[in-house]
Amino acid sequence: MNKIGILAAFLFLPAIVNASTMNESEQPNSLNSPKKASFTSTTTALSETSATCYVVSEYYKGARRQKVVSNQIESRIIDHVNAKDLNLNDLGKGEELTGLEIDGHSVDLNVYRDLSGESSIAIVGDAENRLVFRLGFLSELSTNHKYKLNSVALSLKRGMSKIDGMTHALAFMDGEIDETTNTIADDEQCRRELAKKQAKNQYWGAYIGPGLDSSNILDTISPGICKRTVSMRTCYASNGQTPCTETVYAFPERCD
């Protein structure tokens with residue numbers, strides 16, 4: 001087989017994971033399957049929930065932090081494959097892979113084959129807070145005439161990624177999100193804290209929503225309860241580009 005044929009065979013693998021498949025609208029068939037390729041950490045700096053919230057939040061804190069998170073994910077996949085001289089077909093056969101740690105926060109990194117069998121998916125985090133990427137592989141011929149994984153392109157799948165259990169496509173949609181009447185609950189705090197930081201720091205450039213005079217407004221609506229309205233721009237990596245969404249998000253919080 002010539003070099004082009006070998007590379008094509010490498011890029012279009014029949015299965016990275018046999019136990020689990022995914023599509024855009026559903027979760028893996030089995031997140032706990034023993035046959036998945038699991039980048040499971042052996043240490044826990046914080047609780048799993050706070051660690052996954054941290055990693056998801058860091059991904060959205062500007063181009064520099066997004067690149068740091070993406071590079072960590074890419075390097076973990078590359079290092080494991082090349083260190084063990086694996087063909088990518090060998091992933092997902094009951095082998096435990098290296099954990100992913102970002103700034104002392106340890107999270108799971110799993111690789112699956114999507115439902116079509118034509119591409120691969122990486123999941124960073126858990127069912128509540130996670131980044132899901134479609135993977136593109138590029139290999140090169142090494143000096144010993146073996147192909148080594150050279151780079152992994154990451155394209156975020158917003159319809160599969162989650163924050164506080166909500167897809168990123170809904171949590172960071174273009175337009176207005178009004179949750180003022182929603183009960184204050186802990187399971188919304190990752191998203192709401194990120195929204196406040198986005199509005200305060202303007203990681204992706206200044207954005208003030210229509211009809212607002214500030215990107216971060218706090219109004220009292222009843223004794224001890226306020227309405228916070230934030231406007232934020234959120235950007236992500238997709239197919240070599242960086243599209244952004246602009247959201248005006250209103251939600252309740254306790255106040256003096």
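## Exercises on the disulfides

C226 and C255 form a disulfide (a pair of cysteine sulfur atoms within 2.5 Å), and their sulfur atoms lie 1.9 Å apart. This is a predicted model, where local features need pLDDT of at least 70, side-chain atom pairs count only at pLDDT 80 or more, and totals for chains, interfaces and linings use all residues. Residues are numbered from 1 along each chain as its sequence is written, and side-chain values use heavy atoms, with hydrogens and water left out.

**Exercise 1.** Find which handedness the link of C226 and C255 has, and where the two cysteines sit.

*Solution.* Start with the angle: 85° about the S-S bond makes this link right-handed. Strands (E, at least two residues) and helices (H or I, at least four) are DSSP runs, numbered from the N terminus.

**Exercise 2.** Work out whether C235 and C244 are buried, partly exposed or exposed.

*Solution.* Recall the cut-offs: buried is under 20% relative accessible area, exposed over 50%, and partly exposed in between (1.4 Å probe, protein chains only). C235 has 2%, so C235 is buried. C244 has 36%, so C244 is partly exposed. These two cysteines form a disulfide with sulfur atoms 1.9 Å apart.

**Exercise 3.** Describe the disulfide of C53 and C190.

*Solution.* First, the sulfur atoms are 2.2 Å apart. Finally, C53 is buried at 17% relative accessibility, and C190 is buried at 6%.
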